[in-house]
Amino acid sequence: MTQILIIQASARKNRSLTRALSEEFLTAWRSHEPDVRVVTRDLAENPPPFVNEAWIAAAFAKDPDKVSAEELTVLKFSDEIIREVEAADVIVISAPMYNYGMPAALKAWFDQVIRINKTFTFDLERGDRPIEPVLSGKSLVILSSRGEAYFGPGEVNFPHNHLETHITSCKHFLGVNTDPFVIHIDFQEFGDHRHTASKAAAHERARTLAREFARQRH
Ligand SMILES: Cc1cc2nc3c(=O)[nH]c(=O)nc-3n(C[C@H](O)[C@H](O)[C@H](O)COP(=O)(O)O)c2cc1C
């Protein structure tokens with residue numbers, strides 16, 4: 001049985017294009033694997049706390065046995081979301097572009113997930129590349145939406161696309177060693193025929209990807 005972890009990052013619960021796209025993806029998956037397990041982490045409903053001084057002190061403590069019970073409580077949220085990542089076979093990040101990058105809640109989620117001796121290890125004996133991820137073998141799907149367009153490689157807005165590129169830079173800490181599958185909706189702010197076509201194409205791609213993926217895994 002496949003376990004999917006879905007991260008919802010849109011601040012909107014209503015009329016959200018990324019939430020609708022991820023629903024389409026999951027519906028298509030369920031039609032091929034009805035008993036797929038889906039865990040949803042909704043960052044709008046339950047925003048991750050920002051890392052702070054206490055969090056850093058507890059996470060980087062040299063001797064974890066000397067960390068007080070009080071200090072450990074600041075790591076509780078991080079522990080919980082790391083367990084969700086560990087248990088997942090497929091991670092779906094459903095994320096709008098905000099100010100050319102990821103929503104702050106999603107960045108806060110990454111800051112809580114990427115943690116020493118949990119999702120990465122650090123050893124200077126490894127030379128210039130001391131960081132190694134701990135997890136492996138997971139797949140990543142990025143479902144995004146943008147008000148503007150032309151954010152693909154070689155296109156005019158590509159230098160401003162810090163959403164998929166940033167997520168891709170962090171993916172190995174989630175245990176993802178392969179290229180992410182990326183589907184996006186464009187032109188939301190224009191609301192014209194280009195947006196309608198982009199949305200229809202993204203939904204079609206989401207259905208096809210879910211079907212192929214579910215078939216492979218089942
Ligand atoms: C705070 C905020 C910032 C945004 N910044 C950008 C941006 O930098 N570039 C862009 O193309 N669209 C931007 N948009 C438009 C959203 O990406 C677009 O509305 C998307 O559909 C939102 O996702 P949702 O429909 O799932 O809520 C922004 C929207 C909001 C609310």
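Sixteen residues lie around the ligand, and Thr18, Pro96, Ser145, Gly147 and Glu148 come nearest. A residue is near a molecule here if its C-beta atom, placed from the backbone, lies within 6 Å of it. The shell divides into five nonpolar, seven polar and four charged residues. Ala, Val, Leu, Ile, Met, Phe, Trp, Tyr, Cys and Pro count as nonpolar, Asp, Glu, Lys and Arg as charged, and the others, Gly among them, as polar.

Two notes for the viewer. Residues are numbered from 1 along each chain as its sequence is written. In this predicted model, local features need pLDDT of at least 70, side-chain atom pairs count only at pLDDT 80 or more, and totals for chains, interfaces and linings use all residues.

**Helix H1**

Which helix gives the most to the shell around the ligand? Select residues 17-32: this is H1, and three of its residues belong to the shell. Helices (H or I, at least four residues) and strands (E, at least two) are DSSP runs, numbered from the N terminus. H1 has 16 residues and reaches 23 Å from its first C-alpha to its last, close to the expected 22 Å. The expected span is 1.5 Å times one less than the number of residues.

Now color the buried residues of H1: Leu17, Thr18, Arg19, Leu21, Ser22, Phe25 and Trp29. A residue is buried if 20 or more other C-beta atoms lie within 10 Å of its own, exposed if 12 or fewer, and partly exposed in between, with C-beta atoms placed from the backbone. The cover over these residues includes S1 (3-8), S3 (90-96), S6 (139-145), S7 (181-185) and H7 (193-217).

**The nonpolar core**

Next, select Ile7, Ile91, Val92 and Ile93. In the largest nonpolar core, which has 41 residues, these four touch the most other members. Such a core is a set of buried Ala, Val, Leu, Ile, Met, Phe, Trp, Tyr and Cys residues joined through C-beta atoms within 7 Å. S1, H1, H4 (76-87), S3, H5 (104-113), S6, S7 and H7 each supply at least two residues of this core. In soluble globular proteins, nonpolar side chains tend to be buried together.

Center on Val92. Not counting residues up to four places away in sequence, Val92 touches Ile4, Ile6, Ile7, Ser22, Phe25, Val141 and Leu143. Contact means that the C-beta atoms of two residues, placed from the backbone, lie within 7 Å.

Go to Leu163, in the loop between S6 and H6 (164-170). Is Leu163 buried or exposed? It counts as buried, because it has 27 C-beta neighbours inside 10 Å. Leaving aside neighbours within four places in sequence, Leu163 is in contact with Ala95, Met97, Gly101, Met102 and Ser144. Pro103 is 60 residues from Leu163 in sequence, and their C-alpha atoms are 8.8 Å apart.

Asn99 lies in the loop between S3 and H5. Asn99 is exposed, with 10 other C-beta atoms within 10 Å. Its phi is positive, about 50 degrees, although it is not a glycine. Most residues other than glycine have a negative phi. Asn117, in the loop between H5 and S4 (120-122), also has a positive phi, about 65 degrees.

**The whole chain**

Zoom out. The protein chain has seven helices and seven strands, and 32% of its 218 residues count as buried. Along its principal axes the C-alpha trace spans about 60 × 40 × 35 Å.
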